[in-house]
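Here is a short report on selected local features of one protein model. It covers helix packing, aromatic rings and backbone geometry.

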Amino acid sequence: MTENIVFPAASGDWLAFVTTRRQERLTQVEALADSLKYGAERSTSETLEMWNDLQIALRQARSEADLLCEVHPDAEVRAAAEEGVTDVHAAESALMADAELAAVFTATDPDGLGADAARVREHLLRDFRRGGADRDEATREKAQELAARDSELSLAFARNIRDGRREVRFAPEALDGLPEDFFAQHPVGGDGRIAVSTDNVDVMAVLNYARDRETRLAVRRARADLAWPANDAVLAELLDVRQQRADLLGYASWADYETETRMAGSAARVASFLDEVDAASKTAADAEYELLLARLRQDIPDAEAVTAADRSYLLNRLHEERYAVDALQVRRHLSFERVLGGLLSTTGRLFDIEYAPTTDPAWHEDVRSYDVVRAGERLGRIHLDLHPREGKYNHAACFPLAPGVRGRVLPEAALVCNFPRGLMEHREVQTFFHEFGHLVHEILGGDQEWVEFSGVATEWDFVEAPSQMLEEWVWDAEVLASFALDDAGVPISADLVARMREADAFGRALLVRTQLGHALVSYHLHMDRPADLAAATDHWYEVSAPFGRLGGEHSYAAFGHLTEYGSCYYTYQWSLVIARDLLTGFAGLMDPASATRYRQEILEPGGRRDAADLVESFLGRPFTVDAYREFLGSH
């Protein structure tokens with residue numbers, strides 16, 4: 001009988017919850033490792049099953065710590081959870097560098113193993129090599145030391161972003177153009193000014209609607225300097241440590257180390273793929289940029305360049321003027337509560353599941369928890385932590401919480417976002433659907449015998465594809481009409497949605513160029529390890545997107561993906577190629593047969609098969625770039 005995690009009901013019990021559970025599980029991990037090395041002789045199947053037990057305990061300890069250090073409202077609990085992340089990472093690196101443990105599995109005989117068990121064994125032998133278990137003692141110790149330092153620096157980098165929230169104060173007239181509900185939520189202070197924070201909710205509102213360019217520039221600069229200068233030295237050392245790890249283990253670069261286990265396979269393939277994205281998007285992006293510049297010059301005749309602070313505002317203006325899409329009109333249909341209900345209803349129909357609210361305690365009163373149910377059977381539990389607060393992770397992500405193992409552990413995951421409590425931007429709704437795609441993947445992929453394959457367990461450069469694909473549902477008139485209602489209960493019109501789709505195509509190439517910039521920064525900071533991080537970052541954004549730089553920016557300091565994604569932000573465009581192709585396998589977005597086949601072929605297998613094989617099973621052919629090129633308008 002599988003049970004869900006029971007969180008403390010009293011705030012004073014959380015510290016013990018975080019520390020005791022971690023210690024118990026790490027003690028269990030150590031005992032199982034010793035038994036594998038020094039215990040009785042076992043068959044290959046028995047040896048792998050014991051490893052599975054070890055990994056279940058390790059994954060549970062890691063997932064709980066990873067989440068709670070980012071979301072718990074008590075700073076002391078967050079700090080204890082951070083210690084837990086460090087301890088778990090140390091245990092993981094020690095296991096993978098353990099020559100005696102590696103020898104146990106090297107000596108196993110794969111004959112007679114089922115396909116899944118053979119895959120576990122194959123991956124494990126690979127991971128022992130990647131951890132340095134086949135090296136001499138000095139190398140193994142150095143590998144663990146560097147891995148521990150990587151973990152410490154990554155945690156510090158994320159903490160500085162999380163705790164680096166800033167505010168800029170403006171006279172009310174400087175915020176002319178923003179929606180009425182923004183002013184209701186941001187009252188004028190005693191100094192006669194309004195505080196605008198670097199939270200995504202505030203930044204998006206200003207960049208979308210503020211007519212005063214200086215206001216947009218000020219907010220953009222504040223956001224771009226989040227966690228600077230604190231993260232300067234942290235990132236510089238992190239890049240150096242990662243290259244030392246690559247050198248030690250025989251890899252030409254950290255990107256080569258990371259991509260060995262991914263679809264791309266090598267740093268060279270990442271570089272060539274980014275060249276392909278460049279070629280596919282440049283002409284269309286240049287044409288779009290000229291239209292933005294012309295529109296900016298209607299307001300500011302001597303403007304020399306469109307900056308990142310202007311892009312969203314100008315796109316909104318052009319969408320309104322060219323396509324009759326008023327973003328303020330659209331958002332009137334998108335109240336948070338209705339969007340949440342619509343998301344649950346849509347994904348429920350799509351994946352043949354129901355969401356049953358629970359009243360069990362969680363880490364904050366904002367959290368909404370649901371059991372995921374099909375035909376009366378609980379498949380897992382999800383936790384939605386969706387609004388900003390002090391000390392909380394300030395972006396949007398899905399955090400696995402308990403790895404699903406058939407008959408033993410019920411899969412759980414948390415969605416951590418920072419959405420407004422009132423009206424939402426359509427892009428925020430798109431983000432909501434995207435992140436929820438990860439969440440359902442964790443749960444529906446969580447019915448596995450082997451914990452390694454549980455949840456989102458495919459190659460990392462595929463993991464965004466199911467989420468990017470789910471974004472398409474927020475552009476469908478029928479889907480939107482089911483929950484996008486104004487205060488009078490009138491649904492958004494099909495005509496408006498059609499115009500929104502047409503408007504969305506304009507600016508798409510520029511968005512891809514922005515993503516290309518992020519990918520180039522991610523890749524080249526790791527490949528080149530420049531002495532001047534700001535200059536290098538500016539360079540790669542300048543060659544990827546035509547937008548003028550503000551000067552003096554340090555956006556790399558708050559580029560949170562540099563820790564978990566490392567050199568591999570290319571993942572987003574790589575996955576998008578696949579996501580656009582996956583959509584061609586649907587007879588209609590709400591077609592039950594297509595949705596069932598997608599769920600069974602893509603989501604439910606978890607990591608039991610290579611991603612390319614999953615896609616081929618669903619499409620009946622290998623994936624191609626054709627749908628992606630059509631999406632970009634390049635043929």
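A residue is called buried under 20% relative accessible area, exposed over 50%, and partly exposed in between. The model is predicted.

Take Ala375 first. At 84% relative accessibility, Ala375 is over the 50% cut-off and therefore counts as exposed. Ala375 sits in the loop between strand 4 (368-374) and strand 5 (377-385). The phi angle of Ala375 is near 50 degrees, a positive value in a residue other than glycine.

Asp352 also has a positive phi, near 55 degrees, and is a residue other than glycine. The loop that holds Asp352 runs between helix 15 (336-351) and strand 3 (354-357). Asp352 has a relative accessible area of 46%, so Asp352 is partly exposed.

The bond joins Trp228 and Pro229, with omega at about 10 degrees. Pro229 belongs to the loop between helix 9 and helix 10 (230-248).

**Helix packing**

| Helix pair | Axis separation | Crossing angle |
|---|---|---|
| Helix 24 (residues 592-603) and helix 25 (residues 611-619) | within 9 Å | roughly 155 degrees |
| Helix 9 (residues 213-224) and helix 13 (residues 308-323) | 8 Å | about 125 degrees |
| Helix 2 (residues 44-71) and helix 4 (residues 99-106) | within 10 Å | roughly 140 degrees |

Angles over 145 degrees count as roughly antiparallel. Helix 24 and helix 25 are therefore roughly antiparallel to each other. Helix 24 passes helix 25 in a right-handed crossing. On the helix 24 side, the contact uses Ser594, Arg597, Tyr598, Glu601 and Ile602. Helix 25 meets them with Leu614, Val615, Ser617 and Phe618. By class, this contact has five nonpolar, two polar and two charged residues.

Helix 9 and helix 13 pack at about 125 degrees, and are therefore oblique to each other. Their crossing is right-handed. Helix 9 brings Arg213, Arg216, Leu217 and Arg220 to the contact. Helix 13 brings Ala308, Ala309, Asp310 and Tyr313. The residues of this contact divide into four nonpolar, no polar and four charged.

Now helix 2 and helix 4. Their axes come within 10 Å and cross at roughly 140 degrees. That angle makes helix 2 oblique to helix 4. Thr47, Leu48 and Trp51 in helix 2 are in contact with Leu101, Val104 and Phe105 in helix 4. Here the classes are five nonpolar, one polar and no charged.

**Aromatic pairs**

How many aromatic pairs does the structure hold? There are 28. One of them links Phe7 and Trp14: the ring centres are 5.6 Å apart and the planes lie at 25 degrees, so the pair is stacked. Phe7 is buried, and so is Trp14.

Phe182 and Phe183 pair in another way. Their rings are edge-to-face, with 6.0 Å from centre to centre and 85 degrees between the planes. Are the two partners buried or partly exposed? Phe182 has 5% relative accessibility, so Phe182 counts as buried. Phe183 has 29%, so Phe183 counts as partly exposed.

There is also an aromatic cluster. Trp460, Phe559, Tyr565, Tyr569 and Tyr572 form it together.

**A buried glutamate**

Which residues does Glu92 contact, leaving aside its neighbours within four places in sequence? The contacts are Leu58 and Arg62. Glu92 itself is placed in helix 3 (residues 75-96). The relative accessible area of Glu92 is 17%, so Glu92 is buried.

Methods. Residues numbered from 1 in each chain as written. Predicted model: local features only at pLDDT ≥ 70, side-chain atom pairs only at ≥ 80, totals over all residues. Heavy atoms only, no water. Axes fitted to C-alpha atoms, helices over the stretch in contact; angles between N-to-C directions. Helix = DSSP H or I, 4+ residues; strand = E, 2+ residues; numbered from the N terminus. Parallel < 35°, antiparallel > 145°, perpendicular 65-115°, else oblique. Left-handed = near helix turned anticlockwise from the far one by under 90°. Contact = heavy atoms within 4.5 Å. Nonpolar A, V, L, I, M, F, W, Y, C, P; charged D, E, K, R; others polar. Phe/Tyr/Trp six-rings, centres within 6.5 Å; stacked < 30°, edge-to-face > 60°. Buried < 20%, exposed > 50% of the residue type's maximum accessible area, 1.4 Å probe, protein only.
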